[in-house]
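Here's a quick tour of how two chains sit together and how some of their pieces pack. Have a look at the model first.

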Amino acid sequence: MAAPDPRFGATQRPGRTGVRPAPDGPPPPPRKRHFDWRAALAPGLVSSASIIVVFGGLYWLITSAEQWPRIKAQFFNIDHMIAAAPRVAQGFLTNLQVWLIALVCIGVWALVLAVVRSLRGPVFAPLRLIVVVYIDVFRGLPALLLVILFGFGIPALNIPGLPNSGLFWGGVAMVLCYSAYVAEIYRSGIDAVHEGQRAAARSLGLSEWDTLIYAILPQALRNVLPALMNIVVALQKDVALLSVIGVRDAVREAQIYTATTFNYSSLIVAALLFLLATIPMARLADWVNRRDRARRLQVSE
Amino acid sequence: MSAVAIRGLTKYFGTRLVLDRVDLDVAAHEVVCLIGASGSGKSTLLRCINRLVEADHGLISLGGLSITDPQFGRTGLQQRVGIVFQSYNLFPHLTVLDNLTLAPRKVQRISRAQADARAREVLALFAMDSFAASYPEQLSGGQQQRVAIARALMTDPDVLLLDEVTAALDPELVGEVLRIIHDLKARGLTMVIVTHEMGFARDVADRVCFLSQGRIVEEDSPARLFTTPEHPATQAFLARLIASGRV
């Protein structure tokens, strides 16, 4: 047997029963820890040094490469960047417009699809089947194929009464394609709502429709908010697919510039614009998720 | 006329027989407790009474109205029978007040002001009126269950079904919920209660039904059934409970 731990002292008596004497008072709460400069100095120095070494090394490696001046001239030429910026930015406005309009359309249309798919009862069987087929088809096709098919194909038919713009039909293709994904996200959120919620709503006399609208969907949307924010960011970049059907978005404008100057700096400008838009979106998504998480965990005092 | 009359109720889950030709009558103002081991069919029987589970065979009538007839939809069923669940099943995205008023507003088409006033009355009965603006997750389990009972009473049902309403509660919170059920009995509400609290069943029940393998094998007043059970299955069940110190 090991020697007794002296910290437990002589008061440690096994099998003690009866009323215990009240202690004098609890020990004080732990002191708030201040930032300890001395303790943090060594690890801080090491991490700073390693960052400097690694990135400095990379910088040196890249800039001292034989090809670097050519790369710099081709991709990072400031003069070309400035010259291309206005038209690329103009194109990027088109991206943003298509993105916003498509977002609204996808949000609504996908919700319709998800709701139809989660309706129960034999009456809705044909509608459910249509939605399942729709989702299978549009999720299974490359977005690029749909954009080309719709953006070139439908205007070529010249059907009277239908819009003839490639931008319009390319946008439609994006909405149809993305809705299939988003509908499945909505549905996963609907399925994640506990069955007891449906039972409670039905037992209170709510119709199938009211149960879905007032009891299930609000919880489902909250469930899938993080996944939806991800789609919002993804769509923002994929709008650039419309450039292949001649829509003059940021990528198309940059390409046009490149075609006349044989310099790729304009594409870097477009890339920076995309990052400028998507990175804040990603941070916003994080913030929304954190806030939602905090709200779920809140306990009233 | 019985508040609840059940004849030959049979239910399969797949090929498993859950309820086997159950007959049960509940008189108006009567409190009936269903007891039995897990999987004996108590909860399924309860859920058949408000048709959350559709029976395969048999008849159920509530106050003389046959609810198992094919032409009877769910319409108006909530005014005949309400149910409270083990896990409360409150709507987490709605306040306590909205939990209570959702059904009256959407089903009975009562105005929000009227529904709110009625909800506050019902909440006051259960000493929950100060929590009207709270969300369910901000309440203790006992408080949530009181709200759930209040919500079930909003539609003014003739019969209240309680499905192990204290099973999910911490022991010190069980009492506040049981007190409410005693109050409801004193008000003359007809209740069918599934419970594992034998002490409570003995106190509140007018009649106790013991289920085993989907059949009611013995029923009697709690005084008789708990002291001198006759069916071997009842004896074995009660002996097990006594051995584990639950009675």
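How many residues does the contact take from chain B, and how many from chain A? In this predicted model, chain B puts in 19 residues and chain A puts in 17 residues. On the side of chain B that touches chain A, α2 (77-80), β6 (81-84) and α3 (96-106) of chain B each bring at least two residues. The biggest giver there is α3(B), with 3 residues. By class, that side of chain B splits into 9 nonpolar, 9 polar and 1 charged.

β6(B) also belongs to an open, mixed sheet of 6 strands in chain B, ordered β6-β7-β8-β3-β9-β10. β6 and β10 (215-220) of chain B are its edge strands, each pairing on one side only. On average, neighbouring strands are turned by 20° against each other, ignoring direction. β6(B) runs parallel to β7 (residues 159-163) of chain B over 4 bridges, and B:V84 sits opposite B:L162 in β7(B). Helix α5 (residues 141-153) of chain B packs on this sheet, touching β6 and β7 of chain B.

Over in chain A, helix α3 (residues 78-118) meets helix α9 (residues 250-261), their axes coming within 7 Å. They cross at roughly 150°, over the 145° cut-off, so α3(A) and α9(A) are roughly antiparallel. The crossing is right-handed. Among the residues that meet are A:R87 and A:F92 in α3(A) and A:E253 and A:Y257 in α9(A). That contact has 6 nonpolar, 5 polar and 3 charged residues.

Here are the two angles between directions:

| Pair | Angle |
|---|---|
| α3(A) and α9(A) | roughly 150° |
| α5(B) and β6(B) | about 170° |

Terms used:
Residues are numbered from 1 along each chain as its sequence is written. Chains are lettered from A and ligands numbered from 1 in the order in which they are written. This is a predicted model: local features need pLDDT of at least 70, side-chain atom pairs count only at pLDDT 80 or more; totals for chains, interfaces and linings use all residues. Axes are lines fitted to C-alpha atoms, for helices over the stretch in contact, and angles run from 0 to 180 degrees between N-to-C directions. Angles under 35 degrees count as roughly parallel, over 145 as roughly antiparallel, 65 to 115 as roughly perpendicular and the rest as oblique. A crossing is left-handed if the near helix is turned anticlockwise from the far one by less than a right angle, and right-handed if clockwise. Two residues are in contact if their C-beta atoms, placed from the backbone, lie within 7 Å. Ala, Val, Leu, Ile, Met, Phe, Trp, Tyr, Cys and Pro count as nonpolar, Asp, Glu, Lys and Arg as charged, and the others, Gly among them, as polar. Two strands pair if DSSP finds at least two bridges between them.
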